[in-house]
Amino acid sequence: MEFGYIERQQLVDPRHVYTYLPRWSIGLRPNLNLDYQVPHPDGVLGFGGNQDAILRMEMERSMSLFQIMGAEGLVPSLEEEMKRRNAIHKLKKIVREWVQTVAYHHALPERYLRFASGTILTYGSYGLGVHNSESDIDALCVGPCFATIEEDFFIVLRNILASRPEVSDIHCVKGAKVPLMRFKFEGISIDLPYARLKVISIPEDVDVFNPFFLKNIDDKSWKSLSGVRANRRILQLVPNVEIFQAVLRCVKLWAKKRGVYGNLLGFFGGVHLAVLSAFICQRHPTASLSALFFIFFKTFAFWPWPTPVILQDGVAWPFIPTDKVLWMPIQLPCSPYQFCHSNTVRSTFFIIKSELLRGHTLTKDILRPDFDWNILFEPYPYPRKYEKFVKIFLSASDKDELGDCVGCVKSRFRCLIIKLEELLGFCDPNPTEYVDVDASEPNLVFYWGLPPAMTDMINIGHVEVEFLKSTNNVYQGPTGKLKLSIVQADQLP
């Protein structure tokens, strides 16, 4: 067994998978009082000997990580940073003008008109300061009580944005758990959900923890606000923001390279990795970048899931029951205390565990003279690991139509993964998006690894029909074309 850990392709036998199922998944409640001990910061790398030499090597390992970040383009240039700041500044101005327009159309009394305002709050990778030159911007539009999401946001604001020369490729994703508009602003991809507060005037940098602004808001607005609230609380709780940002950049790079990044596919999302990275930084405030990265794998490779990961914030944590099975519960660090939304299923849980164990195995000898970080960041070799794949081909007559339906289809991917699990026992949903250059219509293609033994027994046409039903239930616009097929590894791009 390579590296001494469970390779993800070894999980394709459902009997093997069930052998490792946690006891609580068959009806037992998880022991939430289990106090898992993370490694102590003293002697964190577990080596004795000359402490000066060890410290020097540890710093060299940290510098190597910074060099990898630079080589991978994980830190945007000053010019790219200014471009994003200018885009947000212009977007704020557009939102303020939009609020004034909506206030006028709603015939707001004259005395309120000049006070009516809205704003833009950033979150996600941009809000945490870990974006790169290719990252999109998660920007929350915060509007006043009279601006509705159905008409004023998705119709009036959308039309205003569509009329701007800076805006292109605008799509409304109304069926998502957090409804949003997705567009490009001066070439920068922006996801724009909406939160409606029960006030008329909203400060430019509104305090998202102030009960005054949060009173009686609707469920969709609360979900939209949770990303901003979680981001800001994380930055308040970590002892060193710059070190935390470096750790998170490295962890996200590892997750993307190894194919375990993408919440819609059942893997880690950005907020999951942010909380896990903050958890490590909070408990080891003086550790170096390389030491923290090592501790990340040492901690979570052996974490006793489903014990939740909880950031310490000095507030007692109440258990909030949920009907959904949480394979890897990670708590959002803001009240009311809820878990990060997760699409993890049995297959993706064991894939993540496998990659965490691999990371631990490769980093436990971090002070070895020939140690090389690049092995850790090697892309997962899908064509060498699986013989067969399910090909998910999504196309439409034009680019706009494809963009409109692709968000809906991706939001239902969990249903497809579960269906394939039921039929085959395992599925490895490769998050990489491909384009079939030989197809005449705009398209997007995914290839998911399958176990070889049972693929001949699957009726992929029936799976396709069932999946289309699930997407039609939440999407009313142009459906495009969806085609599922089984292909061999040598047919991958």
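## Briefing on a predicted model

Ala-107 sits in the loop that runs between helix H3 (78-105) and helix H4 (110-113). The model is predicted. It contains 25 aromatic pairs and 3 cavities of 30 Å³ or more.

**Backbone geometry in loops**

- Ala-107 has a phi near 55 degrees, which is a positive value in a residue other than glycine.
- Ala-107 counts as exposed because its relative accessibility is 62%, and the cut-off for exposed is over 50%.
- Asn-216 also has a positive phi, near 60 degrees, and is likewise a residue other than glycine.
- The position of Asn-216 is the loop between helix H7 (211-214) and helix H8 (219-237).
- With a relative accessibility of 60%, Asn-216 is exposed.
- A cis peptide bond leads from Trp-305 to Pro-306, with omega near 15 degrees.
- Pro-306 belongs to the loop between H11 and H12.

**Strand S5 and its partners**

- Strand S5 (residues 188-196) is largely enclosed by the rest of the structure, because 7 of its 9 residues are buried.
- S5 pairs with strand S2 (residues 137-143) in the parallel sense, over 5 bridges.
- Within S5, Ala-195 is the residue that stands opposite Val-142.
- S5 also runs antiparallel to strand S4 (residues 180-185), and 6 bridges join these two strands.
- Lys-184 has Ser-189 in S5 as its bridge partner.
- The hairpin of S4 and S5 has 2 residues between the strands, and Glu-186 in this hairpin takes a positive phi near 55 degrees.

**The four-stranded sheet**

- An open sheet is formed by 4 strands in the order S7-S8-S6-S9, with antiparallel pairing.
- Strand S7 (428-429) and strand S9 (481-488) are at the edges with a single partner strand each, so one side of each has no neighbour in the sheet.
- The antiparallel pairing of strand S6 (residues 388-395) with S8 extends over 8 bridges.
- Phe-393 faces Val-445 of S8 as the residue standing opposite.
- Strands of a sheet pair through backbone hydrogen bonds, in either the parallel or the antiparallel sense.

**Aromatic pairs and cluster**

- The structure has 25 aromatic pairs, and one of them is the edge-to-face pair of Trp-327 and Phe-350, with 6.5 Å centre to centre and 65 degrees between the planes.
- This pair links distant parts of the chain: Trp-327 is in the loop between H11 and helix H12 (346-363), Phe-350 is in helix H12, and the two are 23 residues apart.
- Trp-327 and Phe-350 are both buried.
- Phe-413 and Phe-446 have ring centres 5.1 Å apart and planes at 85 degrees, so this pair is edge-to-face; the cut-off for that class is over 60 degrees.
- Phe-413 is buried at a relative accessible area of 1%, and Phe-446 is buried at 4%.
- One aromatic cluster is formed by Trp-254, Phe-279, Phe-293, Phe-296, Phe-297, Phe-300, Trp-303, Trp-305, Phe-371, Trp-373 and Phe-377.

**Charges over rings**

- Arg-283 lies over the face of Phe-279, at 3.7 Å from the ring centre; Phe-279 is one of the residues of the aromatic cluster.
- Lys-256 lies over the face of Tyr-261, at 5.1 Å from the ring centre.

**The second largest cavity**

- The second largest cavity holds about 50 Å³ of space.
- Its lining consists of Phe-267, Phe-268, His-272, Met-328, Ile-330, Ser-342, Thr-344 and Ile-352.
- By type, the lining residues of the second largest cavity are 5 nonpolar and 3 polar, with no charged residue.

**Thr-286**

- Thr-286 is placed in the loop between helix H10 (270-283) and helix H11 (289-300).
- The relative accessible area of Thr-286 is 75%, so Thr-286 is exposed.
- A distance of 9.7 Å separates the C-alpha atoms of Thr-286 and Ile-243, which are 43 residues apart along the chain.

Notes
Residues are numbered from 1 along each chain as its sequence is written. This is a predicted model: local features need pLDDT of at least 70, side-chain atom pairs count only at pLDDT 80 or more; totals for chains, interfaces and linings use all residues. Side-chain values use heavy atoms; hydrogens and water are left out. On a 1 Å grid over the protein atoms alone, a cavity is a set of points where a 1.4 Å probe fits but cannot get out, and a pocket is an open set with protein on both sides within 12 Å along at least five of seven lines; lining residues have an atom within 4 Å of a point. Grid points are joined across faces, edges and corners, and a volume is the space filled by probe spheres set on the points. Ala, Val, Leu, Ile, Met, Phe, Trp, Tyr, Cys and Pro count as nonpolar, Asp, Glu, Lys and Arg as charged, and the others, Gly among them, as polar. Buried means under 20% relative accessible area, exposed over 50%, partly exposed in between (1.4 Å probe, protein chains only). Rings of Phe, Tyr and Trp (its six-membered ring) pair if their centres lie within 6.5 Å; planes under 30 degrees apart count as stacked, over 60 as edge-to-face and the rest as tilted. A charge sits over a ring if NZ of Lys or CZ of Arg is within 6 Å of the ring centre and within 35 degrees of the ring normal. Two strands pair if DSSP finds at least two bridges between them.
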